[in-house]
Amino acid sequence: MRYILIGLCLICIQCWSQNQDQKQIDAIFKKALTEGNSYQWLSYLSNRIGGRLSGSVQAEQAVQYTKAQMDSLGLDKVWLQPVMVPKWVRGTPEFAYIESKPGITNNVPITALGGSVATPVGGIKANVIEVKSLEELAALGRDSIAGKIVFYNRPMDPVLINTFNAYSGCVDQRYRGAMEAAKYGAVAVIVRSMNLRLDDYPHTGSMTYGDLPLGNRIPAAAISTNGAELLSTTLQLNPDIKFFIKQNCKQLNDVQSYNVIGEIRGVEFPDEIIVVGGHLDSWDLGDGAHDDGAGCVQSMEVLRLLKNTAYRPKRTIRVVLFMSEEIGLSGAKKYAEIAKRKGEKHIFALESDAGAFTPRGFSFDCDDANLERIKSWKPLFEPYLVHRFVKGSSGADIGLLKDSDIVLAGLRPDSQRYFDHHHAENDTFEHINKRELELGAATMASLIYLIDKYGIVENTKG
Ligand SMILES: [Zn+2]
């Protein structure tokens, strides 16, 4: 009989606790949707500051602005963490055309890839060879490639429902395309934009030359998807057409910048740190509203929502706005290096870097015990139509904190429209839906609340 009573009590405690959790999560969503601040912050970052390329004046303005906003939240501590970041500048707008016959030309939209070298002042005009993969490039070899512009034209796979998987399936062309083509004597590369729809926006992004000597580096640019279709069709009609490209981007010396950090100190376990963050830099073509202004303001909003629902965290909850994610991850490297040097114990980190679209759930990089525990919280999220709790990647910045003890997570919004805007001129504030942005922030705050309250399952192996 005694055992039955104890059993009943345990069930009661569980019910009571679930009720408390639902109440807290309801309060978080209500605050976010009625008195949220993420949209106003994002408006300032996007409309008043604009694109925040690593090392730019705008990136520094964003540092000062977000630091001041965090100061106004009444957190326990707000600080700037210095970090040296790369500074690459685009210069004057790029220019390109297809020359189907001498004197007969069609302009096409291109944009230099981040980190690319310039063309000679007069530009480059050469024949074009189209390939669908790095393997096809290698099979063609130097005889077919030397002296030509290599055109990488493998589209994103429309069948993949998670569009990030389609992106991963193509991005090697952009990231390594120039380095590989240079080995076979190509004079430049043009890469089909990582975009599922056909439009006129070229999408930039990072690239590498590996250890290619300076003199062997060739210019690299993305072409819009419509431009890629036109170029491919024109090549089928006449493989001898020429392509002209001119760009004058430059790599300058590294400059001083900062990660922006704020925290609420935990009352019971202050040494256990929970991080929530996004990256403060963006590309320069649009205003970086989706990538990743949204993730930054949502992360700031998490701390604001917890404070404004009168929740007092047990553990230390820290917002980190990482600098220079798009070019080399310098901010994330610096943060991880200092955390390690100080012997800080990070138990959980959540990144929002997948756009401000309707939140669907999270992807977790952790062991099965933690995943199962987190999945048991799913019913608490169901009223908000947040239902996907899957194993997978987390975020580029927080990924560097990975060790055997930490649980890493990424917010996973609906991804169908993300690559319409990603790294392009139309990644702008007008494409942000206020409610979707706020729902994302509330979803993140709810998970952070649960992790703070219940902790993580400690790794017994190690
Ligand atoms: Zn991003």
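A nonpolar core is a set of buried Ala, Val, Leu, Ile, Met, Phe, Trp, Tyr and Cys residues joined through side-chain atoms within 4.5 Å, where buried means under 20% relative accessible area (1.4 Å probe, protein chains only). The model is predicted: local features need pLDDT of at least 70, side-chain atom pairs count only at pLDDT 80 or more, and totals for chains, interfaces and linings use all residues. Residues are numbered from 1 along each chain as its sequence is written, and side-chain values use heavy atoms, with hydrogens and water left out.

**The cores.** Select Leu 280, Phe 348, Phe 364, Phe 381, Leu 447, Ile 448 and Ile 451, which touch the most other members of the largest nonpolar core, a set of 68 residues. Then display helix H13 (residues 434-454), which supplies the largest share of this core, ten residues; helices (H or I, at least four residues) and strands (E, at least two) are DSSP runs, numbered from the N terminus. Centre on Ile 448: beyond residues up to four places away in sequence, its contacts (heavy atoms within 4.5 Å) include Ile 274, Val 302, Phe 348 and Leu 350. A second, separate core has 30 residues, among them Val 150, Met 156, Tyr 209 and Phe 357.

His 279 lies in strand S11 (residues 269-279) and Asp 353 in the loop between strand S13 (345-351) and strand S14 (359-365), so the pair ties together parts that are 74 residues apart in sequence. His 279 is buried at 0% relative accessibility, and Asp 353 is buried at 17%.

**The sheet.** Now show the strands in the order S1-S10-S12-S11-S13-S16-S14-S15: these eight form an open sheet with mixed pairing, two strands being paired if DSSP finds at least two bridges between them. Strand S1 (77-89) and strand S15 (388-391) are the edges, each pairing on one side only. S14 and strand S16 (residues 407-413) run antiparallel over six bridges; to locate this pairing, select Gly 361 and its bridge partner in S16, Arg 412. Finish with helix H8 (residues 289-308), which packs on the sheet and touches S10, S11, S12 and S16.

Key. Buried means under 20% relative accessible area, exposed over 50%, partly exposed in between (1.4 Å probe, protein chains only). Axes are lines fitted to C-alpha atoms, for helices over the stretch in contact, and angles run from 0 to 180 degrees between N-to-C directions.
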